[in-house]
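Please open the model in your viewer and keep the selection tool at hand. The tour below goes from one selection to the next and says what is to be found at each stop.

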Amino acid sequence: MNMRYGEIKILCWAVLSFFLFSCEKDEPDIVTTSRKTLFMYLPWSSNLTTNFYTNISDMEECIKKRGLKNEKVVVFMSSSSTEASMFEIVYKNGKCERKTLKSYTNPSFTTAEGITSILNDMKTFAPASIYAMTIGCHGMGWLPVDRMKTMSVSSVKMHWDYEGKPLTRYFGGLTSEYQTDISTLAKGIADAGIKMEYILFDNCYMSSIEVAYELRNVTDYLIASASEIMAYGMPYAVIGEYLLDDSDFQAVCDGFYDFYSTYSMPYGTLAVTVCAELENLAMIMKKINTKYIFDESSENTLQRMDGYTPIIFYDYGDYVEKLCKDPVLLERFEQQLSRAVPYKVHTDYFYSVTKGRVPIYTFSGITTSDPSKHSLTVSKNDTEWYRATH
């Protein structure tokens with residue numbers, strides 16, 4: 001090659017400039033690992049979409065006040081039944097910005113594979129040593145989607161079907177094609193290789209012993225309502241700071257109570273379940289079920305936690321108190337239940353679209369469908385909880 005020194009120098013400078021420019025251009029896209037990523041998961045839920053945008057804005061208000069301390073907040077938001085986006089709430093100079101990470105067309109959030117794929121995207125965009133998850137949509141406890149599909153053409157009217165009344169919040173949308181089984185959620189999380197620090201259900205009826213036991217291997221804590229929750233959902237502007245950094249579950253409950261006790265519809269229940277305590281609770285429950293059969297004549301004395309007829313969700317602690325006649329065994333149960341559900345709050349009444357306001361005279365923080373005779377609960381014997389305790 002016959003090239004003069006000056007030409008070689010110019011060529012080298014051009015090559016070096018190219019690499020310097022490329023590195024400078026790519027630098028903003030470097031993904032860093034945070035201590036904690038909070039994933040706000042909002043699958044399609046039709047008439048709650050406006051409330052979801054409020055939830056996101058409330059979380060941004062919280063972040064504006066406290067900033068982000070080596071944490072990331074990622075949102076999966078369905079804007080229609082066929083479109084969704086994933087974005088990160090980025091805090092800069094006292095303001096929050098929404099950085100789009102990915103757009104989705106026809107996302108699958110009702111299959112384990114679809115949930116795993118969404119969670120893997122979240123992990124790629126926001127890797128962390130700790131993951132936590134909030135889920136916003138309608139809810140119906142542990143009840144399987146196939147039962148809801150059957151009942152959707154029957155005379156059973158669900159709490160989300162009522163018009164002209166204050167709106168409350170399956171896990172999913174209004175119809176079965178947008179609803180997700182709890183077992184499917186558990187498999188989706190497990191297959192993504194994640195164990196959540198907590199799963200917060202911003203839905204009705206999800207503080208259920210059947211739900212908690214199903215999710216015990218994929219989350220350390222379950223935060224949920226034992227009753228219907230008003231469509232506004234969780235007051236993230238108040239409790240958001242306690243969900244970030246080092247979680248403070250008592251403060252989450254207290255903030256929820258403070259908000260709803262003075263809300264225009266002053267009704268709400270919330271509880272935190274420690275999933276590591278559920279196996280011991282199941283062992284005690286099995287002993288009780290071995291010795292005693294519930295007296296159906298006392299069913300109408302149980303604390304109802306819904307407005308359905310027949311009742312679907314009963315207060316779990318109240319049910320066992322009336323089932324177990326052995327004071328020593330009952331005391332063991334109550335002590336273990338207090339370890340399993342250490343944080344709980346409730347207003348004097350809960351609200352049900354189907355029944356209006358209902359008084360709460362006893363509250364353990366978690367429900368069961370064990371004594372229910374409702375047609376929707378015929379498959380309760382197939383739940384992991386039932387199999388572990390009978």
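Which residues in H2 meet which residues in H7? Asn55, Asp58, Met59, Glu61, Cys62, Lys65 and Arg66 in H2 meet Tyr236, Ala237, Gly240 and Glu241 in H7, where contact means heavy atoms within 4.5 Å. Before selecting them, note that this is a predicted model, in which local features need pLDDT of at least 70 and side-chain atom pairs count only at pLDDT 80 or more, while totals for chains, interfaces and linings use all residues. Residues are numbered from 1 along each chain as its sequence is written, and side-chain values use heavy atoms, with hydrogens and water left out.

By class, the contact of H2 with H7 has four nonpolar, two polar and five charged residues; Ala, Val, Leu, Ile, Met, Phe, Trp, Tyr, Cys and Pro count as nonpolar, Asp, Glu, Lys and Arg as charged, and the others, Gly among them, as polar. Now show the whole of helix H2, residues 49-66, and helix H7, residues 236-243, whose axes come within 8 Å and cross at roughly 60 degrees. Helices here are DSSP runs of H or I with at least four residues, strands are runs of E with at least two, and both are numbered from the N terminus. Axes are lines fitted to C-alpha atoms, for helices over the stretch in contact, and angles run from 0 to 180 degrees between N-to-C directions. H2 and H7 are therefore oblique to each other, given that angles under 35 degrees count as roughly parallel, over 145 as roughly antiparallel, 65 to 115 as roughly perpendicular and the rest as oblique.

From H2, go on to Asn70, which lies in the loop between H2 and strand S2 (71-78). The phi of Asn70 is near 55 degrees, a positive value in a residue other than glycine, whereas most residues other than glycine have a negative phi.

Next select helix H9 (residues 278-291) and helix H11 (residues 327-340), which pack at an angle of about 155 degrees with their axes 9 Å apart. That angle makes H9 roughly antiparallel to H11. Among the residues of H9 that meet H11 are Leu281, Ile284 and Met285, and their partners in H11 include Leu329, Phe333 and Leu337. The residues of this contact divide into nine nonpolar, two polar and three charged.

The last stop is Pro310, in the loop between H9 and strand S9 (314-315). The peptide bond from Thr309 to Pro310 is cis, with omega near -10 degrees, although most peptide bonds are trans.
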